[in-house]
Amino acid sequence: MRMLRFSFINFRNGFKSYLSLVLSLSFSILVLYNFQNIIYSEAFAVLGQRNKQYIDMLIQTVSVVLVCFLFFFVWYATNVFLTRRKREIGIYIFMGMSNRKIGSLYMIEISFVGITALLAGVGFGVLFAGLFQLVMGAVSDTEIDVRFGVSYKPVVFTAVSFLTVYLIFALKGYWNIVRSSVLSMISAARQNEYVHRKSQVFIVKAVLGILVLAAGYVLANKGTNQDMLANALLAVVLVIVGVYLLFGGLIPLVFQTLAGRKSFLYSGQRCLWVNQTIFRMRKNYRTYAMVCIIGICSATALATGFAMRERYNNMILFDNQYTFQLLTNQPNLGEQAERLIRGEADIACQTSLEALSVDRDHLVVAYSDVKRAAQEGGLSPIVREPADNETFYLSHQMLLSLIMGNRQIPVTLGDEIFQETEVIRQPYVGYMQKQMGCFYIVSDTAYERLRQKSQTLYIHNYKIADDTDFERARAAIDVLISNTDENYTARVAVNPFDNDLEWIKVLHALCVFMFLVFIVAGGCIMFMKLYNDAFEEKERYLVLKKIGFSSRTLAASVAKELLGAYMLPFVVMTVSAYFSVNALGRMMYTNLFSIYLVSMLVVLGVFALCYILSVAVYRKNVGV
Amino acid sequence: MNDKKVVEIKNLVKSYGAKDFQTTVLKGIDLTIYKDDFIAIMGPSGSGKTTLLNILSTIDKPTQGTVMLDGKDVTRISNKELAKLRKDKIGFVFQDYNLLDTMTLQDNIALPLALDGVPARQILERIRELSAAFGIEEQLRKYPYQLSGGQKQRGAVCRALITNPEIIFADEPTGALDSKAGKDLLHCLRRVNESGQATILMVTHDPHSASYAKDVYLLSDGMMKCRIGRGSDRKEFYNRIIDLQTSIGGDFS
């Protein structure tokens, strides 16, 4: 009981110094709670069961990523906290306390931090749940049913996930204290701070870092997209290792070299902040590397979201190229169908094609026929006519596809073997192309040759001008459907109000949120690190003031040191994210450069905000 | 003796506490320090030594009286001017060295000039001269944690001297050193003082340290009780300080 009281007093008195830890942890909890709450709040239920299932699955996946992130975040935060507290609570050893007791004291104290963070995180989470859903709906451009209310399930999930992770690291801290020597406890804060100044080690690390990083970039960007996907995991590992080596080698090496050049160093506040950065580098390089990797992840997450959104738009455009399509063996059905539709709706565009049923599994269309239909349907034309023994497969837009544009696959059409050399994703035959998956383009000569041995079919496509006429027009055209040998007529109708793919928009929103979560977390880590540093620097700044340096000079030095702390990860992140986003763009057949620029600008904005806050708090804490 | 007044203190009073519960620590101190002086201020605990030094260092403000430093009344000038005065005219040496552990000894010494925008070549030249005078050339590339107390304190004195200040305020400079290191440091201080490079005001409780000064002032109960000059023999001066200390009494530790 006495321990509990003692710990609580410690916690209460030192709350200011715990604030950054509590706030950062609360933020992670808030995000996790809000994602979970979406599943249980039924906000997306209005989109239908199938969409809801997909969205729930996505959110569960995101939650797993968030819990993993929480794991590393708590690991980092409790480590920083432990180092700080170790020196203070180490003094208790002189009061006759055993390591075990000090460890318990730490456990209780850190439990207060955890519980406060959990309560604040869930509390604010509940408070902002409605807003979060609204923003989610707005970003994904979906109609959702925002419900205010607290469901116990997301609270339980969040609390259990957080407390499990937290307990692991609280126990780790306890074990660390129990096993620590008195000396290591008292000098904990100063340990590991002196940089080993063996330049050779830095040079090896720097060279290795550059090579490993470059290998990661090359691996992620070379070859076909199948190669890129196969190499993705290795590329990610190489980039992570490379970033760590870069920060552990190249950056200290650069700073140490700069510090060695006195003509550079002895100029204004450089002498202060360059030395300060070197001094802290050994401890900080892991933080910089971590923030940098989080930044790369965030930019890639945003790019994924936008690539998915673009895919969604393309899929919707593809599916809705034509509202109604008829596939028939009747040569003159087109006019009748047009008349029937026009009786109920205006037609915005219509095309007709001829197709050959060369066997049970393949339908063949002629190059010039498709070219004409493309022009009439407002689609981009086919680049070239296939050679006589060549065919182009008419595919459709997919969310993720590894099929390359160029390949050589033998295809038997009728009794002839063709080489399939291209996969075309333009809806020349509309939704039917996706539904049937059996359309091939051949040259006009090959088409005429195949005509002799095939049944000729006719395809009529119609796009209505006003979507609200859909149901009436469908009822009208349905009278043509027939399934007899003499009269075979099939109809495809694409409901413009169909929302089966809405979940992709939510995926886009989730990616945007992941981007923001990651980048705010990156900013939080930097802020937390500098906040804690400031407490350790207090004495040093007091000395500087005592020997006559003005607050203005010291404030300028703080600003420069902290600018370096934020700029270093930002620069490495900007370069690395370019390659990761570029690789993603190549894999998804899209140009994501503008998304890359936007993401880096947002990161810069978040970092700028954190920087301003850090400088203000740092200055306040060191008293300049 | 040089006639140039570096510091002139007149009727210096310093009180702490609220109106009805005031404690007066300094009760009307008058002191004039001339260029090339080496003054030691001694006194028992609570006599006001540190308060006096804090006021002279412009870290604290007096309740009454004037402190003229290089012709300016430090009690009346703005904070900006005070910072400039501290930077340009005063050098500080503390008991616990106050070197920055983030940088090498050389960078510590260079810091005041670097911040002042002096060209690197001049700074390096000045460091070379001072480090040679204080015997720490070999230690310049080391970090404070790699140095002995004596080396650190000599480095701190170099840092204080690098700006060619009007006066050096030294607060118990040998307090954390062993007798050998303390003696070496005091020899160095006396040498720079005698060569005309520094006017020194040292606060100490140690009669041995004080015996290196040219004049010793005894502060007791907030007032200057007496002043004794060294003469030619340091050992005899030391004995006189001890006698004086005994006659005044109090805790000099």
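Mentor: **Strand E3 of chain A**

In E3(A), A:Val364 is the bridge partner of A:Leu356. This is a predicted model, where local features need pLDDT of at least 70, side-chain atom pairs count only at pLDDT 80 or more, and totals for chains, interfaces and linings use all residues. Residues are numbered from 1 along each chain as its sequence is written, while chains are lettered from A and ligands numbered from 1 in the order in which they are written.

Strands (E, at least two residues) and helices (H or I, at least four) are DSSP runs, numbered from the N terminus. Two strands pair if DSSP finds at least two bridges between them.

Take the antiparallel side. Strand E2 (residues 347-357) of chain A is joined to E3(A) by 3 bridges, and the two run antiparallel. E2(A) and E3(A) form a hairpin, with 5 residues between them.

Now the parallel pairing. Strand E7 (residues 439-442) of chain A pairs with E3(A) in the parallel sense over 4 bridges. Here A:Val365 has A:Ile441 of E7(A) as its bridge partner.

Next, the side chains. In a regular strand they alternate between the two faces of the sheet. Strand E3 (residues 363-366) of chain A points A:Leu363 and A:Val365 one way. A:Val364 and A:Ala366 point the other way. All four are buried (20 or more other C-beta atoms within 10 Å of the residue's own, with C-beta atoms placed from the backbone; exposed means 12 or fewer, partly exposed in between).
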